[in-house]
Amino acid sequence: MPSERYFRNAVAASADAVMITDIDGTIRYVNEAFSRMTGWEAREVIGQTPRILKNERTDPAVYRQMWAALQRGETWYGRICNRRKPSASAAPALPVLGQTPPPQPDRDFYWAHLTISPVIDDGRITAYIATQRDITEDVEREKLQRRDRDDASARANIARILQEQGPLKKRLTDSLNLLMQLDQLNIQNKAGIFLTDEEEDVLRLYTTSGHFSDEFHEKEKTIPKGFCLCGRAALSGEMLISDDCFCDPRHEQTFENMTPHGHYIVPLMHRSAPVGIMFLYTDPYPARDDRRVQFLQAVGELMGLAIANSRLQSELERARDRADASNRAKSRFLANMSHEIRTPLNGIIGFSDLLLQHADRISEKDRDEYLASIAASGQHLLALINDVLDLSKIESDRMEVEKMDVSPHGLLAEVISMMRMKAGEKGLSLDYRWSSAMPATIRTDPTRLKQILVNLLGNAIKFTERGSIHLTAHWERNDPGGILTLDVADTGVGIPPDKLETIFDAFSQADNTVTRKYGGTGLGLTISRRLAQALGGDLSVTSRPGKGSTFSVTIDTGPADHVRLLAPAETDGLAMSRHSGSTDVPSPGLTPVRILLVEDGLINRKLITALLANAGVHDVDTAENGAVGLRLASENRYDVILMDMQMPVMDGYAAARAMREQGIRVPIIALTAHAMKDDRNRCIDAGCSDYLTKPVVEKELLTAIQKASEAACSDRNLPDAVSEPTEITSALPLDNPVFQEIVQEFGDFLISTVSGMQEAFSAGDTRRLKQLAHNLAGTAGGAGFDVFTEPSRRLETLAGGEQTDAVEETLYELTQLASRVRIPEASVCCSAHTSESGCDARTET
């Protein structure tokens, strides 16, 4: 029989840890394997109880099952987590206030497969023998497998939820709720999602799950990209993990009663770009292993795809609605356009046929009436085309707004002066006044503002049979800028309440009887409202049928920090603007000039030749295309070239460039049916000196030729060929000392600006030349010298190109204009403004 020593040696050599206790649970024996597994030496545990191995990771129910089996004298098998002997080097560091210490590598416990058997002698239990096998790696492997299964199941369920029909917010919230049920994530029952707003470059809080305070929802409603953890992840597109909110400098927001927590910040990706951010609150120091990161990134991609698909679906629905609305609008547009175009065309063709077929039987009076009808119908057709072009530019976002400093009083006075004659023809009074102090200058687009006012005043005159029309202006500060309100009130037919909004729709008027009685395209108010909105305001209307209407337009007037306020006129504002001088250029009788007309249209050649002959110019050569025009310009000497830009063989752009390349410096005036700003720039870049749109207006044509011929004659030192230039005076009311002061200050500004332009041109400093031209274009109108605005803008455009000759010609034109400016001597010193600028009187510049 084997001896006791034999059994003791066998137990000592066992690879499993062996521990023997007496019936009271006191340890009496452990083998070497036990010491290797637990770190405890035999001398340290003999006399102790197994409680030195107990670990809180083991469920207490396991211990209860174990003791119940042993007390019944049964062998117990089970899995248990035991504690190793603490290592001296693993002593915890001193805690830092407000910081949760990071967990150390968990080497102080192990999982064991434990077998405990009672030792029975003479029918009673005398001892217990326990064997342990270290299964820590098996347990960890099982844990990872279980987590992978849970993650895969969660990922599949989230994919199913996100693919369901229903609101995106609910699908994303349900997905967050599912994530928070995963034990291995250690989420603190708080999560949420931000969506990116690409237009404003921010994150907007979209949904949350769990309890967040009102303070959180208010502060985190919008987050700039790059700010805090979520904003940083939105910029980088990379997942971020934060160990502790109180220790991470990237966590920039704190809230009342906030407790320590970590974060998973997961970009919701679509096509390599974040469309949102998911944030999960975790216990401090969340897991950072690759499997956890890959799982969350996969969820982020699923959510990103769902968000992108939802946005695409919404955009498709909006596009469908826009397409439906566009089709309906197209039908209305075509119907109205057919009517509007055919009406003037009917007049033009009908009266033209009468004149052609029955000229010998038509009296002189009837002939004049027919011609007047043809001209009126042509103007109506041109106005329609211009309105359609403006609406087209607005609809395609090509409408450009050029803001500059301008005198609001001068601009309003100019419009009222122009429209008052039209009102007088119907026996209507038209006046305007300021109901507040008026700024000396505002920053806006004067051309577009005039367009709005001319349309509103024109409508008021059209729909008013008797009574009056009033334009009231009011300005007030609206930090950091100002708002100008213009009310156009009439005593006309009024508008029914149910039509007050539809009148702003394209091709819409109050009713069909209005269209039949008054005519019109129905585009004016649509364009005016869009222009007002482009100028930072809006257009609205109030009306009483039979009593009249009031259209109110508001515009943003730019920064108001240094705006100088002027006292309003006590009476009709236009009365202040009457003065002896005028900047209007009459239809000139041209000085003897030789002109080359390059135009492929026979009718246009005949028309322009007739207009020139009527103005006293008979020395006109014509060419039917650019190639012929280039040959004639090379063989002959001309004072001005009129160049159509769309022609066969060689168009006007190519012909103008070729002329400049050959050294021909004759002024070239472009004639084109294209009326966009880009077309003007294209003509100037090709080498043209000026630009006119078709149909050609006699006054504009003769004025452009006069200006060009003056410059050409000066270049050839032929001052005797130019008539004595007239003086140029301000359009402001110079009997008012405040406006006298503005004009006198402009005199100083004009001298220094023109001198600076000449210096910049000589030095080749195009940047300074452009800036000075821009300053003059934006300032001249406010001082009542609109004559400088157009050539200054032209110079600003030319200065950035390579047309040196055109730059020199335009600069010479501005210099000549400046020499004709007359600054009147101040008659009264404005005491209200003496402290600002004084009253230094000048008689000329």
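The structure contains 33 salt bridges, each defined as a side-chain nitrogen of Lys or Arg within 4 Å of a carboxyl oxygen of Asp or Glu. The model is predicted, local features needing pLDDT of at least 70 and side-chain atom pairs pLDDT 80 or more, whereas totals for chains, interfaces and linings use all residues. Residues are numbered from 1 along each chain as its sequence is written, and side-chain values use heavy atoms, with hydrogens and water left out.

One of these salt bridges joins Lys-85 and Glu-44 at 2.8 Å, N to O. Lys-85 lies in the loop between β3 (76–83) and β4 (109–121) and Glu-44 in helix α3 (residues 42–45), so the pair ties together parts 41 residues apart in sequence; helices (H or I, at least four residues) and strands (E, at least two) are DSSP runs, numbered from the N terminus. Lys-85 is partly exposed at 32% relative accessibility, as is Glu-44 at 24%, where buried means under 20% relative accessible area, exposed over 50% and partly exposed in between (1.4 Å probe, protein chains only). A further salt bridge, between Asp-174 and Lys-170 (2.9 Å, N to O), lies in helix α6 (residues 168–179), where the two residues are four apart and thus separated by about one helical turn; Asp-174 is partly exposed at 26%, whereas Lys-170 is exposed at 51%.
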